[in-house]
Amino acid sequence: MTPPARLSCGVSVAAAILFLAACRSSDGRVAADLAADDRWTAVQAALEVRRGLSRELGSQARARAPSEGVTLALQDLDDARLRTSGMPMSRDDLADPSKASAWQKAQSTLAHARRALARAAEATELEGQLDVADREFAAAVARYTAAATAYDDLLRTAGLDANPLTGRRFLPRVAFATPAGD
Amino acid sequence: VLATSLAFALVVAGVASPPGDARALPCPTGNLLAAAHLSGWLDTSHPSALLGDGVVVPEGAFFPSQAVLFESDAASLTYDLGAVVPVRAALLQASAGMRISLQASGDGRTWRPYSIAPVPGAAGMRTRMLSLDDFVARYVRVGEPSGDGPRAVTELQLFCEPPSDASSVVRVLTQDPDPGTGGGFLLTPARRLWLALTGTPWLTEDQANVAKLLLCLSAIAVLTLGGARWSRARGVMLAAIALASCLGYYDWGSYHHPDYVHEHEFFHYFVGAKYFRELGYSRLYECASLADSEEGLTRRVELGTVRDLSTNELVSGGSVLTRAQQCRDLFSATRWADFKHDVSYFRDHTSIDRWQHDLRDHGYNPSPVWTMLGGALANLGPASRGLIGHGDSMFNGCLALLDPVLLLATLATIVWAFGWRSALVAAIFLGCNPLARYAWTGGAFLRQDWLMATVLGVALVERDKPALGGASLAYATLVRLFPAAFFVPIAMQAALALRARRRVERAGLRVLTGAAIAVAVLVPASAVASGAGLAAWRDFAQNSARQATTPSANLVGLPALLSYRPSTRAEVLVEPARIDPMATVTDARRRNLRAVRPLQAVLVVAFLLLFARAASRTRGASEGALLGAAAIPIVSALSSYYTSYLVPLALPRDDRDGRAIGLLLSTAALCVVQASCSEEDVRCAWSSLVVVLFASWTVWRSATRAVPAAAEVGA
């Protein structure tokens, strides 16, 4: 084998190794991104359960004899629900610290308003269900945060900045500092 | 530069009614948004903090990395200022061509809009210093843009005490610190190479079309040139062209630039089939709109337009939402949650523009038989990347892999019944036909089952299994209706034979018997599976009739050709300002067709006479069935992506090369039309001419050939 041929072979092998290494690195980020997506889906499912209980709680409270405490708590709950409905979290929004923080705060306010109404309306059974739903929601957010952190760690260490599957830039994910909903 | 631009200060008057005397309210100093918190948003991308970071770009420049992008007409950011305060000035740097709304509210529920006009004659980002009179608010919303150019805002500051020198509150960037952001795509080395060679990062439709035209012409040259001794070499060359064409169907890996999955198709067919019991044919869009609304996208729905599937007309999103409240009653709580999940999956995997366009299409239209099969598959699980697929590979999901398998099976069936040569020609046609290119139904969900069933039907008849062939053709008919045309020549043959020889053709009779049995099984089964009984078929008939009377830009066939006039093409008559911009075009096409009804009737009758003569001269049920494809573009106008039905016309064993050359010449002509016409309706009118001529030519060829010996008829 002539020196130029040997050089070409060496360069080709090195390029192949680098390519494979890059692919492995990218695959790790893609997998972590998908895993975080799955976790976020679980958060949304937990939110859906809480929304269902909220509707049920609102119906029960409205069906009771009106009292000032219940009326005020209902108003607070409606306000809190209005706030959260104005905060749809898309994939892009999960990369925005301001939005993530505002969303988390609004969810927390909503949880407080819900509990206050459950107490005022003496909906003991629903209060128990809400507690469970809040804990499951908090756990889902914590699992998402763990997945988002793992994904962000990979982004920090990997050298490529384009998702090989889509050609789009990998977006970082904001990690929620504490479980929302308390 | 900034100081000069601020000379364009616009004075806007008349805003929100103050909840009290503005002079009595506290007047904080500095930028009010610095202490405010974000309390709502919709359809914006890039970090919202960019809006209040005090950084602007040079006047006329556009640094995407520094801008918050507003991605729909309803896109907005809402701030809570913490208390009701008077706002006397605003500094805004935004796209020059964009009109944007600044809204004030005291309670976060009712809003007073306040329009900020574009900067006439300017481009890029422009800074505007606004003096606000009587603007008192606790909540401030910016967004709901309209106008030309990018919908981007780089800076917004609100003041109770306006700064004496506006340039003192901003810092001007000299260059984009992150030019890769906001461009949408970052390019892989292969894409960069393609960009350097061709000027575009992706294989464009035009480039792919030229390549397909060359493939067709090469195939024609291979079929026409060379003598018998080059037969083997010709076969090898044809196989190579067919392979390249098969890959060409997928635009050689470019797919949907770059995604493999066709989300729009999947949304309709997956969600439509899975929730058919609740949605039927008329509620897909209104229930999806309600699901959007419940996810916090009410404003987006209200400001958009949605097609009312019960009338096929575009209406305002607000009116649809009012009617959609009944949707929740149609679902159980669990099914509604599943529906919302599936809708949000497709919404989140689609751009905002595209999603709004999805809800303006023509709904879910497959028959109850397709719904039975599609619904069973869609109910395998919730919409997910694993079930559906994602990214730029066809192997990332189960359901999106079905159509490539069906296409391969179609070609394998042709090999089995009609030989390699016919399969290679069919592969070249399917890969290169621009009317049925990947962009239409590629990466979708079970969209090629009718083609597979049709080809399998004629193949089974060819291989002397007429009853099974009839059953397969019946399935194709029950899912797409138009394959019924394949029975017409068989029925004609049977009638002619009965008249001439007083006996029934056995093969033809067995085809029709097999079809009847399939119908007798599939119709009741699908009625039961639909949950609505035979009412599902009644609804299907009504829905199909409604669709048939709605002209569309991508229809191909004699009616589409006869209804076309250059003076009524979409480019001339489209009215973007109307709720339904295409309404005038649609009406004009209907009028045009009505004016030539007598001509259409004469042409159809003449064709059917020729068709009957051709049917009497074909050998047996197999060749008769193949001829059926020619009737489809004469009596109907179908969406262009169904023109794969022409494949059987090239399959008859005798005159194989002549018909193959005819089909490939037509495909080449379609590629030329595709390259020459940029408007969809013009392109489809010319394509209709090509398809009608080819179909008529094949019938003429069959009608004028020598009459086969009596013993061969019906063999």
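Predicted model: local features only at pLDDT ≥ 70, side-chain atom pairs only at ≥ 80, totals over all residues.
1. The overall scores are ipTM 0.78 and pTM 0.83. Chain B averages a pLDDT of 88, and 94% of its residues score at least 70.

2. **The overall picture of chain B.** You'll find 29 helices and 15 strands in chain B. Along the principal axes, its C-alpha atoms fill a box of roughly 105 × 55 × 50 Å. Chain B has 715 residues, of which 55% count as buried. Take the contacts in chain B between residues at least 6 apart in sequence: 79% of them join residues at least 24 apart.

3. **Surface and charge.** The accessible surface of chain B is about 28500 Å², and carbon and sulfur atoms account for 62% of that. Chain B carries 62 positive and 57 negative side chains. The centres of those two sets lie 12 Å apart.

4. **The disulfides in outline.** How many disulfides does the structure hold over all chains? There are 2. Counting bonded cysteines along chain B, the pattern is 1-2, 3-4. The next two points take the pairs in turn.

5. **Cys27(B) with Cys160(B).** Here the sulfurs sit 1.9 Å apart, S to S. The torsion about the S-S bond of Cys27(B) and Cys160(B) is about -120 degrees, so this disulfide is left-handed. Cys27(B) is in the loop between strand E1 (10-12) and strand E2 (37-42), while Cys160(B) is in the loop between strand E10 (152-159) and strand E11 (171-172), so the bond ties together parts of chain B that are 133 residues apart in sequence. Cys27(B) is partly exposed, at 27% relative accessible area, whereas Cys160(B) is buried, at 1%.

6. **Cys287(B) with Cys327(B).** The S to S distance in this disulfide is 2.0 Å. With a torsion of about -90 degrees about the S-S bond, the disulfide of Cys287(B) and Cys327(B) is left-handed. Cys287(B) belongs to helix H7 (residues 284-303) and Cys327(B) to helix H9 (residues 327-330), so the pair links parts of chain B that are 40 residues apart in sequence. Both Cys287(B) and Cys327(B) are buried.

7. **Two cysteines to check against the cut-off.** Cys432(B) is buried, with a relative accessible area of 0%. Cys684(B) is in no disulfide either, and its nearest cysteine sulfur, in Cys677(B), is 9.5 Å away. Cys684(B) is buried too, at 1% relative accessible area.

8. **Two backbone angles to look at.** Tyr255(B) has a positive phi of about 45 degrees, though it is not a glycine. You'll find Tyr255(B) in the loop between helix H4 (231-249) and helix H5 (263-274) of chain B. Asp464(B), another residue other than glycine, has a positive phi near 60 degrees. Its place is the loop between helix H17 (449-462) and helix H18 (466-480) of chain B. Which of these is buried and which exposed? Tyr255(B) is buried, with a relative accessible area of 12%, while Asp464(B) counts as exposed at 59%.

9. **A look around Val699(B).** Val699(B) lies in helix H29 (residues 680-703) of chain B and counts as buried, at 0% relative accessibility. Setting aside neighbours within four places in sequence, its contacts are Phe607(B), Leu610(B), Phe611(B), Ala614(B), Leu627(B) and Ala630(B).

Technical notes: Residues numbered from 1 in each chain as written. Chains lettered and ligands numbered in written order. Heavy atoms only, no water. Disulfide = S-S within 2.5 Å. Helix = DSSP H or I, 4+ residues; strand = E, 2+ residues; numbered from the N terminus. Buried < 20%, exposed > 50% of the residue type's maximum accessible area, 1.4 Å probe, protein only. Contact = heavy atoms within 4.5 Å. Areas by Shrake-Rupley, 256 points an atom, 1.4 Å probe, with all protein chains shown as cover. Lys, Arg positive; Asp, Glu negative; His and termini not counted. Charge placed at Lys NZ, Arg CZ, Asp CG, Glu CD. pLDDT = per-residue confidence, 0-100.
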